[in-house]
Amino acid sequence: MDYRMLERTIGQGGETAVLFGAAVAALEDVTSGRRELRAVYHPLGFFCLPVLRDGDEGVCVHVFEPGTSDRVELTTSPVHCHSWELTSFVLYGEVGNLRSRVCQDPVQPTHRVFQVHSSPSGVDEIQPTSRLVRCEPGPEQTSARGQVYRLPAGAFHSTVVPSGSTAATLVLGRSLPRHSDLSLGPVDGTGHRVVRQTCDAAQTARTARSALRRIHGQHPE
């Protein structure tokens, strides 16, 4: 997996076959056992397969399947922003990117801003800040198979996949200095810790096989 090559391919509006090929190769490495990668139940309700971690750059495959969100408990809200700039290529299905308008409002706030500190061990330390804000829904961009959407670091948003449907994305991320991972939570929320659940080898392989079949236009068994 070559981050810079994928970034150039997307930036130049290049062949989508290259992007599909990179995702397929990574998933086949998992299903064949060539890589001992383990998927993670992401708190936002999808399987995350961390394909590449190289300094400030990373590549993941995100797989959205019905019922995945039931496996984890979301302790803040779906509205969040990243410390990294995101480029997402849709492998199949439809993925909505709902931007949010967030402004300071200490008088009639709807949310408090929480800072998320994630460790390599899979533990998220979620700490309240003094920022009280009002959050209102902004524009939604829906992307389908073969399309790309981008999101700058620090932009509040949530990901929307229609209920009962499936989707997957190839996600490129580059961390930027002076940005933090943030989430909106209850005004009176307190600090807490969340331990991300790692899938076993069998579940990881099932997830990868399901994604491969759908990429190839087949319905999973």
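A: The side chains of Arg174 and Glu7 form a salt bridge with an N to O distance of 2.5 Å; the term denotes a side-chain nitrogen of Lys or Arg within 4 Å of a carboxyl oxygen of Asp or Glu. Because Arg174 belongs to strand S11 and Glu7 to helix H1, the pair ties together parts that are 167 residues apart in sequence. Helices (H or I, at least four residues) and strands (E, at least two) are DSSP runs, numbered from the N terminus. Arg174 is buried, its relative accessible area being 18%, whereas Glu7 is partly exposed at 29%. Here buried means under 20% relative accessible area, exposed over 50%, and partly exposed in between, with a 1.4 Å probe and protein chains only.

The model is predicted, so local features need pLDDT of at least 70 and side-chain atom pairs count only at pLDDT 80 or more, while totals for chains, interfaces and linings use all residues. Residues are numbered from 1 along each chain as its sequence is written, and side-chain values use heavy atoms, with hydrogens and water left out.

The side chains of Glu57 and Arg4 meet at 2.7 Å, N to O. Glu57 lies in strand S3 and Arg4 in helix H1, so this pair ties together parts that are 53 residues apart in sequence. Glu57 is buried, with 9% relative accessibility, and Arg4 is partly exposed, with a relative accessible area of 44%. Arg4, Glu7, Glu57 and Arg174 are linked, together with Glu85, in a network of salt bridges.

A further salt bridge joins Asp105 and Arg134, whose closest N and O atoms are 3.1 Å apart. Asp105 is in the loop between strand S6 (94-104) and strand S7 (111-118), and Arg134 is in strand S8, so the pair links distant parts of the chain, 29 residues apart. Asp105 counts as buried at 15% relative accessibility; Arg134 is partly exposed at 25%. By the rule stated above, the count comes to 8 salt bridges.

Strand S8 (residues 123-144) also holds Asp124. Asp124 is buried, with a relative accessible area of 4%. Its side chain is joined to that of Arg196 by a polar contact of 2.7 Å, a term for a pair of N or O atoms within 3.5 Å; within protein, one must be able to donate a hydrogen and the other to accept it, and residues adjacent in sequence count only if both atoms are side-chain atoms.
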